[in-house]
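Let me put it up here before I start.

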Amino acid sequence: MKTAFSKEVMHVGEIASGAALTVPVYRLKGQGKGPSVYIQANMHGAEVQGNAVIFQLLEILRETKLNGDITLVPYANPVGCNHKNGEYTLGRFDPITGVNWNRMYHFDADAIAPFAREHLNSDNITIEREFKALLLEEIDDKLDHNIFGLTTGQRIAYRLQRMAHQADLVLDLHTGPISSKHLYCPEYAIKSASYFDIPHTIVIPNEFDGAMDEATFCPWWSLQQAFAELGRDYPLNKESFTVELGSQEQIDLDVAHQDAVSILSYLQHKEVLNDTQYQPQAMTRYACYLKDYKAFYSPMGGMVDYLAQFGQPLAAGEPIARILRMDNYGDGDPLHYLSLDHEVIPILHFASASVNQGTELYKVFSKFFTL
Ligand code: ZN
């Protein structure tokens, strides 16, 4: 019954002292009868809960019979999780280039149409094999044949993407700052969102903006579109999600177990395993389109008392936060209540109580609906 796993230490770069930047890679072998899966965690330095979820997944999956192969990568970004300043982990942006670590993946939209024309009359198995080979070739080309070199972050991203491209289902585990659990789901895969025990889903357009989820589903979705334009139906069986597990800077192994079970419910639905104990929980699942997922910026500087509960619809005019301004005490207004003029669902808020005018205070669902 046990599933053997292997461990590899992948080299993703070198720091100035010559020490290697490495990432651990765990592989569980399935029986070759189901979709393959790639799961990574901690691309952003402070977003550590996914490592605990991978621990819980490994503990369970070693005792579970698998149809498809599963690759698990904790500590996906060895620079990010070590990027500390005082008590805090930074690690959202490469400190040298300023680029978000999760915006450095690769997608070449121009390669899709020529491939579709060339393979208009190929069978589906050939198309899948050849298209996957093309995606890997593009990454290998970036890694090995680029005379002008790569940034630190690109090298890490491409090494990870090379593994992700080999899987059918991709989960990139993140967290918000102080946050509820939420899921980024491509529009075409919206039905799958209800198999995760996650009450909030952000429906993203089927477009590329540099992130891992987009970099792995966009090529296949675009291929399907290119075939459709040529009058051919091509089945799309690849899915990618960014799973936001809660707040940064903390792990909770008990919650990580629940998160692992939630992922297993999705994988059971996809027939990666055959274990009917993994079923989605009954819950109200709210969703909103990315364009309606709004940042609420502080209208003033000050000290914030965050009032709104995550995940609960907040009526128009109800206070979302109050801002303390002690500099105004005695000769002005020391307390300011903030509210919005329409109903929203607060999803996450800024990690600190001290904010500037214009700091992103909350992110909220507006124009939400239930799945
Ligand atoms: Zn993140």
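Below are my entries on what I looked up.

**Ground rules**

I am working with a predicted model, where local features need pLDDT of at least 70, side-chain atom pairs count only at pLDDT 80 or more, and totals for chains, interfaces and linings use all residues. Residues are numbered from 1 along each chain as its sequence is written, and side-chain values use heavy atoms, with hydrogens and water left out.

**Entry: the zinc ion**

Which atoms coordinate the zinc ion? I found His44 (ND1), two OE atoms of Glu47, and His174 (ND1), at 2.0 to 2.7 Å. Donors here are N, O and S atoms within 2.8 Å of the metal (3.2 Å for Na, K and Ca), and since water is not among the atoms, sites may look incomplete.

Why is the arrangement irregular? The 4 donor atoms subtend angles of 54 to 146 degrees, so the arrangement counts as irregular. For the cut-offs, four donors are tetrahedral if all angles lie between 85 and 135 degrees; four are square planar and six octahedral if opposite donors are over 155 degrees apart and all others between 65 and 115; anything else is irregular.

Along the sequence, I wrote the donor spacing down as H-x2-E-x126-H. Histidine 44 and glutamate 47 are both buried (under 20% relative accessible area; exposed is over 50%, partly exposed in between, with a 1.4 Å probe and protein chains only).

Strands pair through backbone hydrogen bonds, parallel or antiparallel. Helices (H or I, at least four residues) and strands (E, at least two) are DSSP runs numbered from the N terminus, and two strands pair if DSSP finds at least two bridges between them.

I looked at strand 14 (residues 302–306), which runs antiparallel to strand 18 (residues 354–355) and is joined to it by 2 bridges. Glycine 302 sits opposite valine 355 there. Strand 14 also pairs with strand 15 (residues 319–324), antiparallel again, over 4 bridges. In that pair, aspartate 305 faces arginine 322.

Methionine 303 belongs to strand 14 as well, and its relative accessible area of 45% makes it partly exposed.

What is the strand order in the open sheet of 4 strands? I read 8-17-19-13, with antiparallel pairing. Its edge strands are strand 8 (178–179) and strand 13 (293–297), each pairing on one side only. Strand 8 meets strand 17 (residues 345–349) in the antiparallel sense over 2 bridges, and serine 179 is opposite leucine 348.

Valine 261 is in helix 6 (residues 253–269). At 24% relative accessibility, valine 261 is partly exposed. I also checked tyrosine 278: it is 17 residues from valine 261 along the chain, yet their C-alpha atoms are 6.7 Å apart.

Glutamate 271 is in the loop between helix 6 and strand 12 (286–289). It has a positive phi of about 65 degrees although it is not a glycine. Is glutamate 271 buried or exposed? Its relative accessible area is 53%, so I put it down as exposed.

**Entry: another positive phi**

Tyrosine 75 is not a glycine, but I noted a positive phi of about 45 degrees. Where does tyrosine 75 lie? I found it in the loop between strand 4 (70–73) and strand 5 (84–85). Tyrosine 75 is partly exposed, at a relative accessible area of 45%.
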